[in-house]
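Let's take a friendly walk through this model together. Please have the sequence and the 3D view open as you read.

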Amino acid sequence: MTADVGVIGTGVMGSNLARNLAGQPGTRVAIYDRDVDRARAVAAAHPEAEFLVATSPAELASMLHGPRVAILMVNAGRATDSAIGDLTAVFEPGDIIVDGGNSLFTDTIERGKAAERAGVEFVGVGISGGEVGALTGPSMMVGGTEAAWRRLRPILEPIAAKAEIQAPETDAGEVPKPTPEEALQESSARKPETAGEPCIAHVGTDGAGHFVKMIHNGIEYADMQLIAEAYSLLRDGAGLTPSQIAEVFAQWNEGELESYLVEVTAEVLTHTDSATGRPFVDVVVDSAGAKGTGAWTVKTGLDLGAPIATIAEAVFARSLSAAAVLRSSGDTLDGPRPSSSADDAAPSTTSAERDAFVDTVRQALFAGKVLAYVQGLHEIAVGAREYGWDTDLGEVARIWRAGCIIRARFLDRIADAYAAEPQLTSLVSAPYFRDSLNETQQSLRDVVVRAATVGIPVPALSSALAYYDGIRAPRSSAALVQGQRDFFGSHTYGRVDRPGTFHTLWSGDRSEVEL
Ligand code: 6PG
């Protein structure tokens, strides 16, 4: 019996992806794990998948028909390298090794070169959606060669998440609401999950798949931090309880802010700790973990010179949250302190004032999220230029519409913006985003001012505002920085009135020389 695809690594992600593959008609899946008992247990727990269990890389190779395709679902780093080593030893020219983990894209580029020398194709695929997504349909960002993509597409496309096909818009930009009868008909005739646009694309060669996935995660960090700051503002700035805030988020999830992360936020805030009866959010230690993809996004942004301050602030906010000793050193510092307990009395505001503030926070969150996407997509554009990838940003937005963690309603808008103007320099120039930012920027300002006044840290919202003002400023303060650099280091500068490179003789007669 031969298998169509192999999956190496049978942890939760690996076994769920293998089950998803095995659920596709006519697809036979072989699984292998260094811990053979774990692979056997997965096969025993899911007899419907009819997995073939390999007990060694060589046996896996013998089970797969050629050209072979094996997907690595192991930890990034050393585990990935050793799995690649195991497979290249038994694979033949033309066979494909897919790395479906969260690998650093520069590692993927290097691994691709090494695999090429061994005659094997190596393809990095960013897979988003967590454990559930792996089983029911993830979003997949594929790198590697065109030829490998042609070979992988029939295997991976069927297991990808499917995004709803967009309804046509009316002239007023609104999606027409179905009549109750139409809604009934539609629900009974609803297409199975297999319908829709598959959330998978070839986003460029070599490490492009992992690069785009890395930026997905960077945006994920920013999105989560912005939501958390909105929560702080509602809790400590407006005195709402977690369950009230859950209702607010659930309501926001009905509008332009609709997204998986907003939905999840409402769920978490609704939850009550069974041991204490307190809101779950109040019994969790306020120190956030991170596996590193956010930091990679920031380091890469620095290397590329791509300004992604909101993503960086989100990463640093997690670092600060985890720096217990540093945080305790701030105990004696003066300034207003927001209340942080659910039992604290709400500030004395009328309900109308409170409703107005809630709506201001909604608009500020929307502006912040748009600006985080603007930054992330810009980093992709800069990275694609640097590494020579033909990455289509509209396509990236399209495949993020379902299955992945940052799936959100406005990704349709992003996809539309790039479809209308593929060479769009920045999303802020697209009419919908320009108009939305023009409408919401004042709210972003208002909440940043309010947060500063009452002492609520909102680094992501603040940096989003600074980015917004930075890109619209007719002239930046960098002119002064250039003057300083030239003063102490003869670093030279350009002039606004004529081309060329100049230096002022600061320690001499202060005349200017052209270099
Ligand atoms: C996904 C997620 C997934 C995970 C990351 C980030 O797209 O499915 O991004 O990759 O959430 O591991 O986790 P950290 O928050 O721990 O860095």
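## A loop to begin with

Ser-490 sits in the loop between helix H21 (478-489) and strand E11 (502-504); helices (H or I, at least four residues) and strands (E, at least two) are DSSP runs, numbered from the N terminus. Phi of Ser-490 is near 50°, a positive value in a residue other than glycine. Is Ser-490 buried, partly exposed or exposed? Ser-490 counts as partly exposed, at 45% relative accessibility. Here buried means under 20% relative accessible area, exposed over 50%, and partly exposed in between (1.4 Å probe, protein chains only).

A few words on the ground rules. This is a predicted model, in which local features need pLDDT of at least 70, side-chain atom pairs count only at pLDDT 80 or more, and totals for chains, interfaces and linings use all residues. Residues are numbered from 1 along each chain as its sequence is written, and side-chain values use heavy atoms, with hydrogens and water left out.

## Domains

The domain assignment of the protein gives domain 1 (5-206), domain 2 (211-331 + 339-472) and domain 3 (478-514); such bounds come from an automatic or database domain assignment. Between the centres of domain 2 and domain 3, taken over C-alpha atoms, there are 40 Å.

## Around the ligand

Which residues come nearest to the ligand? Of the 13 residues around the ligand, they are Ser-128, Glu-220, Tyr-221, Lys-291 and Arg-318. A residue counts as near if one of its heavy atoms lies within 4 Å of the molecule or strand in question. By class, this shell has three nonpolar, six polar and four charged residues. In that scheme, Ala, Val, Leu, Ile, Met, Phe, Trp, Tyr, Cys and Pro count as nonpolar, Asp, Glu, Lys and Arg as charged, and the others, Gly among them, as polar. Helix H9 (residues 208-237) gives the most to the shell, with five residues. Domain 1 (5-206) and domain 2 (211-331 + 339-472) each supply at least three residues to the shell.

Now for the polar contacts, each a pair of N or O atoms within 3.5 Å; within protein, one must be able to donate a hydrogen and the other to accept it, and residues adjacent in sequence count only if both atoms are side-chain atoms. Polar side-chain atoms lie 2.5 Å from a ligand oxygen atom in the case of Tyr-221 and 2.6 Å from a ligand oxygen atom in the case of Glu-220. Gly-130 takes part through a polar backbone atom, 3.1 Å from an oxygen atom of the ligand. Taken alone the ligand exposes 410 Å², and the protein buries 80% of that; these areas come from the Shrake-Rupley method with a 1.4 Å probe, and for residues only the protein chains shown count as cover.

## The nonpolar core

The largest nonpolar core has 93 residues, and those with the most contacts inside it are Phe-249, Trp-252, Trp-400 and Ile-414. A core of this kind is a set of buried Ala, Val, Leu, Ile, Met, Phe, Trp, Tyr and Cys residues joined through side-chain atoms within 4.5 Å. Helix H16 (residues 351-387) provides the largest share of this core, 16 residues. At least three core residues come from each of domain 1 (5-206) and domain 2 (211-331 + 339-472).

## At 4% relative accessibility, Ser-259 is buried. A polar atom of the Ser-259 side chain lies 3.2 Å from the backbone nitrogen of Val-262, and a polar contact of 3.3 Å joins the side chains of Ser-259 and Lys-369.

Thr-265 belongs to helix H11 (residues 260-270). Thr-265 is buried too, with a relative accessible area of 15%, and its side chain reaches the backbone oxygen of Leu-261 at 2.5 Å.

## Backbone details

Where does the model have a cis peptide bond? The bond joins Gly-66 and Pro-67, with omega at about -15°. Pro-67 is in the loop between helix H3 (57-63) and strand E4 (69-72).

Asp-206 has a positive phi of about 30° although it is not a glycine. Asp-206 lies in the loop between strand E10 (200-202) and H9, and is partly exposed, with a relative accessible area of 30%.
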